[in-house]
Amino acid sequence: DKQAPFFGTQAQVEDGKITVQQVQASYLNKAAAGDLLIITGEALNSFSKPRAALQVKATLFSNTNEPVVTQLAYAGNQLTREQLTSMPWEKIEAAMNNQFGDSLANLEVAPGKAIPFTLVIINPPATALDYSVEAVGSTVAASK
């Protein structure tokens, strides 16, 4: 019986997860980028070690519970309604894709600490009636 190489030896799975909390959604109509669905909340590090690059995903669902739109964003990048009113879509997208967060907030998130996130969906389809938000990834923070 030959074992697959590296099977069970390479990956060290750490207990814990990233969870989302205090999720709220609102609309911003006729912003510079278009009509915006803004989903805010916090990503909480429930691992035992610091994490970095916490990422969340929003999914919009139709009335038949089919996913119609998804959007990814890194936590640690807060955008105010005032900013979102005037920012072009490219700038909003760049902010959501900032892996380490504004002021490096997403570089070393301590265990038990939560950092805010802003997910923005441009011109959400009228068929989207519900949404979900989930954490989709993080990395181990570089040790000092």
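Against which elements do the buried residues of H2 pack? The model is predicted, and local features need pLDDT of at least 70, side-chain atom pairs count only at pLDDT 80 or more, while totals for chains, interfaces and linings use all residues. Residues are numbered from 1 along each chain as its sequence is written, and side-chain values use heavy atoms, with hydrogens and water left out.

**View 1. Helix H2 and its surroundings.** The buried residues of H2 pack against E2, E4, helix H1 (81–86) and E5, where helices (H or I, at least four residues) and strands (E, at least two) are DSSP runs numbered from the N terminus, and contact means heavy atoms within 4.5 Å. Trp-89, Ile-92, Ala-95 and Met-96 are buried in H2, buried meaning under 20% relative accessible area, exposed over 50% and partly exposed in between (1.4 Å probe, protein chains only). Seen down the axis of H2, these buried residues fall within an arc of 125 degrees, so they line one face of the helix; the arc is that of the directions from the helix axis to the C-beta atoms. Glu-90 and Lys-91, on the other side of H2, are exposed.

**View 2. The largest nonpolar core.** This core has 31 residues, of which Leu-36, Leu-84, Ile-92 and Leu-119 touch the most other members; a nonpolar core is a set of buried Ala, Val, Leu, Ile, Met, Phe, Trp, Tyr and Cys residues joined through side-chain atoms within 4.5 Å. Two or more residues come from each of E1, strand E2 (34–45), E3, helix H2 (89–96) and strand E5 (114–122). Leaving aside residues up to four places away in sequence, Leu-119 touches, among others, Ile-38, Val-56, Leu-72, Met-96 and Val-133.

**View 3. The open sheet E4-E3-E6.** Three strands form this open sheet in the order E4-E3-E6, with antiparallel pairing; two strands pair if DSSP finds at least two bridges between them. E4 and E6 stand at the edges, each with a single partner strand, so one side of each is left without a neighbour in the sheet. Neighbouring strands of this sheet are turned by 20 degrees against each other on average, direction ignored, the axes being lines fitted to C-alpha atoms, for helices over the stretch in contact, and angles running from 0 to 180 degrees between N-to-C directions.

View 4. E3 and E4 pair in the antiparallel sense over seven bridges, with Gln-55 opposite Tyr-74 in E4 and Ala-58 having Gln-71 in E4 as its bridge partner. Five residues lie between the two strands of this hairpin. Asn-65, in the loop between strand E3 (51–61) and strand E4 (67–74), has a positive phi near 65 degrees and is exposed, with a relative accessible area of 55%.

**View 5. Lys-30 in strand E1.** Lys-30 lies in strand E1 (residues 18–31), and its phi is near 60 degrees, a positive value in a residue other than glycine. Lys-30 is exposed, with a relative accessible area of 74%.
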